[in-house]
Amino acid sequence: MNLEAIDQLLQVNSIYNTPTTSDNQLFKQAMQVCYEWHLAHNPSFANLNLPLDEPIPVRLFKQINLSTVQDAPSFSSSGTSGQTTQITIDANTMQRIFAAQVKMFDYWQVLDQRPANFLILAPNPQLFKEA
């Protein structure tokens, strides 16, 4: 299965601009590739018989293990509803997430190449005046 459409989607230059017809088509192709990959590799997902254009309710992930990835790091959701969900992310997906984050940080000009021992993601205090 060719996952190229997913990687092409990450190459969209202006992530906050209104999507073009080409961007929308690329998004649909990437979603189709993801959908088909999960159908082929995850019997639990395939048994749901969900159409591609139908959103998956979040609560379903709390009720059924829909992880397609095996032998990869798992994280737990915050469990704000009282029930946590295991989230498993493979190395390729983690690299894609990181690439998307770098694009966002670059766009907002919060990316700095200077070494640091910490990272703070908070509003700029200079933008707010005390009441």
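Here is a short briefing on the chain shown above, from its overall build down to single residues.

This is a predicted model, in which local features need pLDDT of at least 70, side-chain atom pairs count only at pLDDT 80 or more, and totals for chains, interfaces and linings use all residues. Residues are numbered from 1 along each chain as its sequence is written, and side-chain values use heavy atoms, with hydrogens and water left out. The chain holds 5 helices and 2 strands, where helices (H or I, at least four residues) and strands (E, at least two) are DSSP runs numbered from the N terminus. Reading from the N terminus, the order is α-α-α-α-β-β-α. With a radius of gyration of 19 Å, well over the 14 Å that the globule rule gives for 131 residues, the chain is more spread out than a compact globule. That radius is taken over C-alpha atoms, and the rule is 2.2 Å times the number of residues to the power 0.38.

**Overall build**

- Along the principal axes, the C-alpha atoms of the chain fill a box of roughly 55 × 40 × 30 Å.
- Of the 131 residues, 14% count as buried; buried means under 20% relative accessible area, exposed means over 50%, and partly exposed lies in between (1.4 Å probe, protein chains only).
- Among contacts with a separation of 6 or more, 36% come from residues 24 or more positions apart, a contact being heavy atoms within 4.5 Å.

**Surface and charge**

- The chain exposes about 10,800 Å², and carbon and sulfur atoms supply 55% of that area; areas come from the Shrake-Rupley method with a 1.4 Å probe, and for residues only the protein chains shown count as cover.
- There are 7 positive and 11 negative charges, and their mean positions are 8 Å apart.
- For that count, Lys and Arg are positive and Asp and Glu negative, while His and the chain ends are not counted; each charge is placed at NZ of Lys, CZ of Arg, CG of Asp or CD of Glu.

**Helix H2 and its neighbours**

- Helix H2 covers residues 21–41, and its 21 residues reach 30 Å from first C-alpha to last, close to the 30 Å expected at 1.5 Å a residue; the expected span is 1.5 Å times one less than the number of residues.
- Leu 26, Ala 30, Val 33 and Tyr 35 are the buried residues of H2, and they pack against helix H1 (4–9) and helix H3 (43–47).
- Trp 37 also lies in helix H2, but this residue is partly exposed at a relative accessible area of 26%.
- Trp 37 and Leu 3 are 34 residues apart along the chain, with 8.8 Å between their C-alpha atoms.

- Ile 15 sits in the loop between H1 and H2 and is partly exposed, with a relative accessible area of 35%.
- Leaving out residues up to four places away in sequence, Ile 15 touches Lys 103 and Met 104.
- The C-alpha atoms of Ile 15 and Met 104 are separated by 7.7 Å, although the two are 89 residues apart along the chain.

**Two loop residues with positive phi**

- Most residues other than glycine have a negative phi, and most peptide bonds are trans.
- Asn 49 has a positive phi near 55 degrees; this residue is in the loop between H3 and helix H4 (58–63) and is exposed at 66%.
- Asp 71 likewise has a positive phi near 55 degrees; its place is the loop between H4 and strand S1 (74–76), where its relative accessibility of 86% counts as exposed.
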